[in-house]
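Subject: Structure handover

Hi,

Here is the structure we talked about. Please open it alongside this note; my findings follow below.

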Amino acid sequence: MPHNIADEADVLRRKLDRADYLYYVKDQPDISDAEYDKLMRRLQELEQTYPSIITPDSPTQRVGATVQSELAPHTHIVPMLSLQNAMGEDELRAFDQRVKRFLGLDPDSDVEYVCELKFDGLAVSLTYVDGVLAAGATRGDGTVGENITANLKTVKSVPLRIPVEAGTGGTDPIPSTVEVRGEVILFHEEFRRINEDREQSGEPTFANPRNAAAGSLRQLDPNITAKRRLNMFCYGIGACEGRAFVTQHEILSILESWGFRVNPNVCVCATIDDVCEYIAGWAEKKETLPYDIDGMVVKVNSLTLQSELGAVARSPRWAVAFKYPAQQATTVVTEIRVQVGRTGALTPVAIMEPVEVGGVTVSRATLHNEDEVRRKDVRVGDTVVVQRAGEVIPEVVEVVAEKRTGDEVEFVMPDHCPVCGADVERAEGEAVARCVGIACPAKIRETMIHFTSRGAMDIDGVGPALIDQLIAANLIGDPADIYSLTVEQLCALDRMGSKSAENAVAAIEKSKQAPLSRLIYALGIRHVGERTAAALARHFTTIDALAAASENELAEVPDAGPVVADSIARFFRQDETKRVLEKLRAAGIDPRGESRDESGMFAGQSVVFTGALERLTRDQAEAIVRRLGGSPSSSVSKNTSLVVAGEKAGSKLEKATSLGVKVMSEGEFLEMVDPR
DNA sequence: TAGCCTCGAGTTCA
DNA sequence: CTCGAGGCTA
């Protein structure tokens, strides 16, 4: 072998190590992907030709290890302890008092703490011998874990060796043996990517990033792990040969200088009050992180005090895990009810024993459709995990299979409508089953609620409750009947005073002025929502022109194709529709189309609002955009011109940032449309 | 014809 | 907010 080959390989390894470090630990890449690939290919070439030069810490060894038949046990030198939980500020202060009592300190004195994020992932330990990664293992029972070295090597933020030049300029030698502790996690973006892939290939999806990370790490085939871009944050040291530390905070900085990824969100707090304040500050902010945390870890900063405090059973007395109120909880499904929507869609809804999730009581959650019920295999009597997706809407995450008794009842979609008894049909290739009944009371009710709703005729004071009463009293049978209601009729109903009756009638009267687009939308034609209704109104200008249009004419409207055209034509052919339109006209409703400013500052642009707006309502904000010639939209894509992000903006903001779409705050938006 | 972009529809709780 | 499906475009 030529003498300089080993040297060249070494230089390549250093360059690749540095590139991995800058990219995966520091988030500041210095070379392009192409350059990286070139270096990697050259190194692989050399190692293939001269296998004797391969070292265990070579970057080529991150992938390509062979499949194992089972995971070998690994004994930790220093056990990995688990932490006691604190469920609120009270328990946190109780922990502080315990610490002081144990140390024989005055209850009013202060102990210095370090607060760190508690990642929702998998705790692992990395063992380095003479600076080279020798073993990696899961926590296991704390004493013995599973050896997952090959899998951990595929995690790019895990250094394969601690560079000799690290630390304080060489005067501070790398310990001969050191155990580095941390948490392996999946970022949200990567979690989504994995689940999308699995969905496409028909594999079951992971319920949450933690499960996905655990599943990926405990793979027997490291090639699979390599495809899941895992990440690791390090926060502690177990055994350490020939080096002592003074504080937890010092440990974090040393780990960072050794090239480990250390999370920057750390706070040294002089008092327990500061700790509480810091933790409260993250209660909301944690949702903006690109990965999951399930709380905060609070540690006594001084290692001297730590060893004085020691441990009880398997948890140290010097640390505690603060848990934010759970965003997930388990409960029991008591019933799967079937609801009938405006379009006749049958939706299974899980009725559950009420349970607290993130501060609110949840008792029902949609199961969307029959396929979804099958996929999650939810049965009546099952114990299930529920969470609030996107902070609000409850969702059944998964069934707790271990709690099955065998008495659970599988769900079957009824073949007759639970409300009117008509046949239920599921169109070829569609996910939803529908009631075909023409006069299904549920459909009529939902149609009327839709007609009066915000965005449609917007009749204030006429909501679902009143509509139910009116139907029961036989006062209305279709939406047009609303316009013949009198104050006297309304007053005669239960729980209806003269004042609210007058208000309702006034609102009904006012709605007669609604623009054509609203009326078209209010009719509730299948496949015609707000946007399509607006496009139709612009194109036809009167309801009669729309009603008379042929399918070909309808399909000429932008955004309307054969399916939409067929649905509209079919709707206007029905005798029922003709009767209702006649009644509406008789009541004095004959709206004209509206025009828009084509020279406004948003002309031809698409604007998306996300998060909670403080000074404007959604409707006001969208009206401003429309007035200035733009179209408000609900989803972000690369065609989006602008995203206005309010408080607690979520995935849309993330997407906008990743697509490089212009983003501004509500304040900046107002400044722009109305500079003063 | 495939893949992207939008829109429609359904849903929960305070 | 999320999913599914219709329409448009490369």
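In what sense do strand β4 and strand β7 pair, and over how many bridges? They are antiparallel, with eight bridges between residues 122-129 of β4 and residues 177-185 of β7. One facing pair to look up is threonine 127 and glutamate 179, the latter in β7. Bear in mind throughout that this is a predicted model.

The sheet

β4 and β7 belong to an open sheet of four strands. Its order reads β5-β4-β7-β8, and the pairing is antiparallel. β5 (132-138) and β8 (231-240) form the edges, each pairing on one side only. On average, neighbouring strands here are turned by 25 degrees against each other, ignoring direction.

Two helices go with this sheet. Helix α6 (residues 209-217) packs on the sheet and touches β4 and β7. Its direction makes about 40 degrees with that of β4. Helix α8 (residues 248-257) lies across β7 and β8. The angle between α8 and β8 is about 120 degrees.

The DNA contact

What part of the DNA faces the protein, sugar and phosphate or bases? Of the atoms of DNA strand C within 4 Å of the protein, 100% belong to sugar or phosphate.

- Alanine 431: a polar backbone atom is 3.0 Å from a phosphate oxygen of DNA strand C.
- Aspartate 559: a polar backbone atom is 3.1 Å from a phosphate oxygen of DNA strand C.
- Valine 563: a backbone N or O atom is 3.4 Å from a phosphate oxygen of DNA strand C.

The chain as a whole

Chain A has 676 residues, of which 45% count as buried. There are 24 helices and 24 strands in chain A. Take the contacts in chain A with a separation of 6 or more: 66% of them join residues 24 or more positions apart.

Best wishes

Terms used: Residues are numbered from 1 along each chain as its sequence is written. Chains are lettered from A and ligands numbered from 1 in the order in which they are written. This is a predicted model: local features need pLDDT of at least 70, side-chain atom pairs count only at pLDDT 80 or more; totals for chains, interfaces and linings use all residues. Side-chain values use heavy atoms; hydrogens and water are left out. Two strands pair if DSSP finds at least two bridges between them. Axes are lines fitted to C-alpha atoms, for helices over the stretch in contact, and angles run from 0 to 180 degrees between N-to-C directions. Contact means heavy atoms within 4.5 Å. A residue is near a molecule or strand if one of its heavy atoms lies within 4 Å of it. A polar contact is a pair of N or O atoms within 3.5 Å; within protein, one must be able to donate a hydrogen and the other to accept it, and residues adjacent in sequence count only if both atoms are side-chain atoms. Buried means under 20% relative accessible area, exposed over 50%, partly exposed in between (1.4 Å probe, protein chains only).
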